Amino acid sequence: APRRSSPSRTRPAAAPPPLASLSIELPASLRIQLSHISPDGRTVYMMAAKRDATTAEGRRSWIYRRDLESYKVKALPGTEGVRTFALSPDGRWIYATLFAEGDGAVGRLARLPSDGSAPPVTFGTWEDSWGRAIVLPGGDLLVLNLQGTEIAQVSVRDGRTRKAALRMEGFRGYVQSLRPFLRDDRVFANM
């Protein structure tokens, strides 16, 4: 006798996560220059300077942290003079470019725990030609130059820098931004 095929059993598709919107009240006393939300969505990190500062020292930027379960905003120790920062994909680390008073254009690359429990530890030197930085899942820093034509990978272990020109046959543009893939050290480039 011919076999009858049984009706296929399919599972209903999982419902997409609900959309969320977030409105955060930030201190009026701070001039926010850059912000990131932690990967778990529970904490906001901000690069900010005091709005009413009257001295050069008072106008320097710091990294501030605000847990969304609280209204308290806390400056992270050792982050004064920050010019840019990025969070690690797991949210445990902050990678920052710090400039000490009087250093001119010499910046240091430093890493600190995102909860601010330890001071920043320097692992490399920032170059003037560098722009946006992202943290790779393996822990290294990937930096795009200001022109969008070169990337540098900086090892968090020993500070060594490897550079590569971004060239594609027939392409006459530049890279605007980089985004890390979540599970490995590959990167998506927006051109």
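Author: Strands here are DSSP runs of E with at least two residues, and they are numbered from the N terminus. The model is predicted, so to speak of a local feature pLDDT must be at least 70, and side-chain atom pairs need pLDDT 80 or more, while totals for chains, interfaces and linings use all residues. Numbering starts from 1 along each chain as its sequence is written, and side-chain values use heavy atoms, with hydrogens and water left out.

Is R60 buried or exposed? Buried means under 20% relative accessible area, exposed over 50%, and partly exposed in between (1.4 Å probe, protein chains only). R60 has a relative accessible area of 14%, so R60 counts as buried. What does the side chain of R60 reach? The side chain of R60 comes to 2.6 Å from the backbone oxygen of F99. That is a polar contact: N or O atoms within 3.5 Å, one able to donate a hydrogen and the other to accept it; residues adjacent in sequence count only if both atoms are side-chain atoms.

The wider surroundings come next. Contact means heavy atoms within 4.5 Å. Neighbours within four places in sequence are set aside. R60 is then in contact with A48 and A49, with E80 and G81, and with F99, A100 and E101.

Now the sheet. Strands pair when DSSP finds at least two bridges between them. Four strands make up an open sheet, ordered β5-β6-β7-β8, with antiparallel pairing. The edges are β5 (82-87) and β8 (121-126), and each of these pairs on one side only. From one strand to the next, the twist averages 25 degrees. Axes are lines fitted to C-alpha atoms, and angles run from 0 to 180 degrees between N-to-C directions. β5 runs antiparallel to β6 (residues 93-98), and five bridges join them. Within that pair, T84 has T97 in β6 as its bridge partner.

L34 lies in β1 (residues 30-37). T84 and F85 are touched by L34, as are Y45, M46 and M47; residues up to four places away in sequence are not counted. L34 and M46 are twelve residues apart along the chain, yet their C-alpha atoms are separated by 5.7 Å. L34 has a relative accessible area of 26%, so L34 is partly exposed.

Strand β11 (residues 150-154) is mostly covered, with four of its five residues buried. On one side, β11 pairs with β10 (residues 141-145) in the antiparallel sense, over four bridges. L144 stands opposite I151 of β11. Four residues separate β10 from β11 in this hairpin, and in the turn G148 has a positive phi of about 75 degrees.

β11 and β12 run antiparallel, and five bridges join them. V154 faces T161 in β12. This hairpin has six residues between its strands, and G159 in the turn has a positive phi of about 75 degrees.
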